[in-house]
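Here is a short report on one protein and its ligand. Look at the structure first, then read on.

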Amino acid sequence: MQYNNVWDYRHSAKEALTKEAWDYLEGGAGDEHTVQHNRAIFNQYSFRPKIPSKIVDKINTDVSILGIKRELPILLGPVSPLQLFHSGGERAQVQGASDANTVAVCSGHSLAKIEEMGSWNGRKWLQLYSTVDAAHNYEIIDRACRAGYEALVVTVDAFHKAIRDRDLKNSFKLPSGIGFGNYPVKSYRADGSIELLPLGWDDLTSILEYSEIPVIIKGVLSPDDVKLASEIGFSGVVISNHGGRQLDRASTTLDVLQELRGVSRNGFDIYIDGGFMRGVDILMALALGASAVFLGRAYVYGLVVAGGSGVSDVVSILMNELTNAMRQIGVSSISELSSELLIKNNCTFTI
Ligand SMILES: Cc1cc2nc3c(=O)[nH]c(=O)nc-3n(C[C@H](O)[C@H](O)[C@H](O)COP(=O)(O)O)c2cc1C
């Protein structure tokens with residue numbers, strides 16, 4: 001099978017997985033309006049290409065991530081449990097990221113130990129889900145700092161268990177042997193899931209003060225939150241609705257991106273995720289002010305099909321589409337992008 005785009009990987013991933021695992025990956029909360037809207041939102045924008053002032057052969061995709069110049073505006077977001085999708089699990093995610101020259105954001109709900117993931121070759125950030133045991137959160141931060149993770153990503157949109165109809169219908173349970181490698185026993189609920197501690201601004205500020213590595217908040221949609229995070233000293237936010245998995249009818253991320261960029265200070269990183277499947281999707285987000293894009297399901301499709309090499313192939317397909325689209329609209333670097341290259345359509349359409 002030839003994999004020309006992310007949809008080809010998705011097609012094969014669906015064939016390879018059990019119905020339960022596929023539904024867990026694809027499904028969302030409630031009627032899955034937000035899952036669908038995350039894709040449909042891209043239909044609301046169109047590019048308005050310009051004749052370039054100078055024809056440049058080389059396309060430059062450099063962006064600033066945590067104040068450092070990086071070649072790719074794509075990171076691999078946290079997804080768990082990866083063993084449900086490929087036996088290589090987190091190792092395949094980290095290897096795929098490293099081969100693609102990008103960052104793996106390792107899920108706090110990984111099966112592999114924080115130290116083990118930290119020892120693998122490649123750049124890594126660690127995502128944190130707070131547990132009911134507050135001391136445990138600080139222990140995780142210590143371990144992440146010691147194990148060489150470059151940043152901490154604190155997820156704030158998934159404290160409460162979501163209602164996902166597909167999983168209910170399938171009576172979904174994690175297969176035995178797939179669990180959480182870094183949580184103390186007292187965090188476990190009777191059904192094997194982890195009980196999380198909702199975090200408010202005081203808790204987040206304490207985490208920021210405690211951490212020796214940059215802290216990013218994942219799961220924000222409100223301008224007030226972005227303004228405060230930027231003022232208090234967080235390094236960035238991930239605009240996210242958790243791939244539509246937590247709150248159905250939550251706003252799409254692309255819809256609020258420009259507004260959220262507008263309320264943050266210069267140099268504050270604004271990442272975005274939700275429904276990114278094509279290079280043009282990534283280009284739209286960059287033009288609307290994103291620092292870079294987190295992939296979710298897109299790289300998991302590659303992982304299902306071919307482990308780490310599938311993951312890196314997904315990134316390289318998207319980078320190829322992105323650079324091609326940059327040529328088509330007449331820009332040779334990300335810094336030349338602006339919202340003026342986009343128009344908002346009056347009507348929406350589906351494909
Ligand atoms: C199966 C699955 C598991 C996920 N697990 C985590 C997780 O452990 N931590 C986290 O912060 N987000 C998690 N997410 C959310 C993703 O990081 C991301 O926000 C979302 O998938 C983006 O939407 P997309 O998949 O449409 O790109 C998960 C998403 C999926 C699909």
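Buried means under 20% relative accessible area, exposed means over 50%, and partly exposed is in between (1.4 Å probe, protein chains only). Glu321, with a relative accessible area of 18%, is therefore buried.

This is a predicted model: local features need pLDDT of at least 70, side-chain atom pairs count only at pLDDT 80 or more, and totals for chains, interfaces and linings use all residues. Residues are numbered from 1 along each chain as its sequence is written, and side-chain values use heavy atoms, with hydrogens and water left out.

## The ligand

How many residues surround the ligand? There are 19, and the closest are Pro78, Ser107, Thr155, Asp273 and Arg297. A residue counts as near if one of its heavy atoms lies within 4 Å of the molecule. By class, this shell holds 5 nonpolar, 10 polar and 4 charged residues. Here Ala, Val, Leu, Ile, Met, Phe, Trp, Tyr, Cys and Pro count as nonpolar, Asp, Glu, Lys and Arg as charged, and the others, Gly among them, as polar.

Ser107 places a polar side-chain atom 2.7 Å from a ligand oxygen. For Ser240, the distance from a polar side-chain atom to a ligand oxygen is 3.3 Å. Lys218 has a side-chain N or O atom 3.0 Å from a nitrogen of the ligand. On its own, the ligand has 600 Å² of accessible area, and the protein covers 98% of that. Accessible areas come from the Shrake-Rupley method with a 1.4 Å probe; for residues, only the protein chains shown count as cover.

## Salt bridges

The whole structure has 12 salt bridges. A salt bridge is a side-chain nitrogen of Lys or Arg within 4 Å of a carboxyl oxygen of Asp or Glu.

| Pair | N to O distance |
|---|---|
| Arg166 and Asp23 | 3.0 Å |
| Lys344 and Asp255 | 3.5 Å |
| Glu321 and Arg278 | 2.7 Å |

Where do the partners sit? Helices (H or I, at least four residues) and strands (E, at least two) are DSSP runs, numbered from the N terminus.

Take Arg166 and Asp23, whose side chains meet in a salt bridge. Arg166 belongs to helix α7 (residues 165-169) and Asp23 to helix α2 (residues 19-26), so the bridge links parts of the chain 143 residues apart. Arg166 is partly exposed, at 27% relative accessible area. Asp23 is buried, at 7%.

Lys344 forms a salt bridge with Asp255. Lys344 lies in strand β12 (residues 342-344) and Asp255 in helix α10 (residues 253-262), so the pair ties together parts 89 residues apart in sequence. Both are partly exposed: Lys344 at 46%, Asp255 at 35%.

Glu321 and Arg278 also meet in a salt bridge. Glu321 is in helix α12 (residues 297-329), while Arg278 is in the loop between β10 (269-272) and α11 (279-287), 43 residues apart. Arg278 is partly exposed, at 27%. Elsewhere, salt bridges that share partners join Lys19, Asp23, Glu32 and Arg166 into one network.

## Inside the protein

A nonpolar core is a set of buried Ala, Val, Leu, Ile, Met, Phe, Trp, Tyr and Cys residues joined through side-chain atoms within 4.5 Å. The largest such core has 107 residues, and Phe85, Trp125 and Leu295 touch the most other members. Helix α12 gives the largest share of this core, 16 residues. Another core, of 6 residues, lies apart from it and includes Tyr129, Ala158, Tyr183 and Ile194.

Why is α11 largely enclosed by the rest of the structure? Because 8 of its 9 residues are buried. Among them are Gly279, Asp281 and Ile282. Just after α11, Gly289 takes a positive phi of about 110 degrees.

Val105 sits in strand β5 (residues 103-106). Val105 is buried, with a relative accessible area of 0%. Val105 and Leu126 are 21 residues apart in sequence, and 5.6 Å apart in space, C-alpha to C-alpha.

Gln83 lies in the loop between β4 (74-76) and α4 (89-99). Gln83 is buried, at 19% relative accessible area. A polar contact of 2.8 Å joins the side chains of Gln83 and Glu90.

Definitions and conventions
A polar contact is a pair of N or O atoms within 3.5 Å; within protein, one must be able to donate a hydrogen and the other to accept it, and residues adjacent in sequence count only if both atoms are side-chain atoms.
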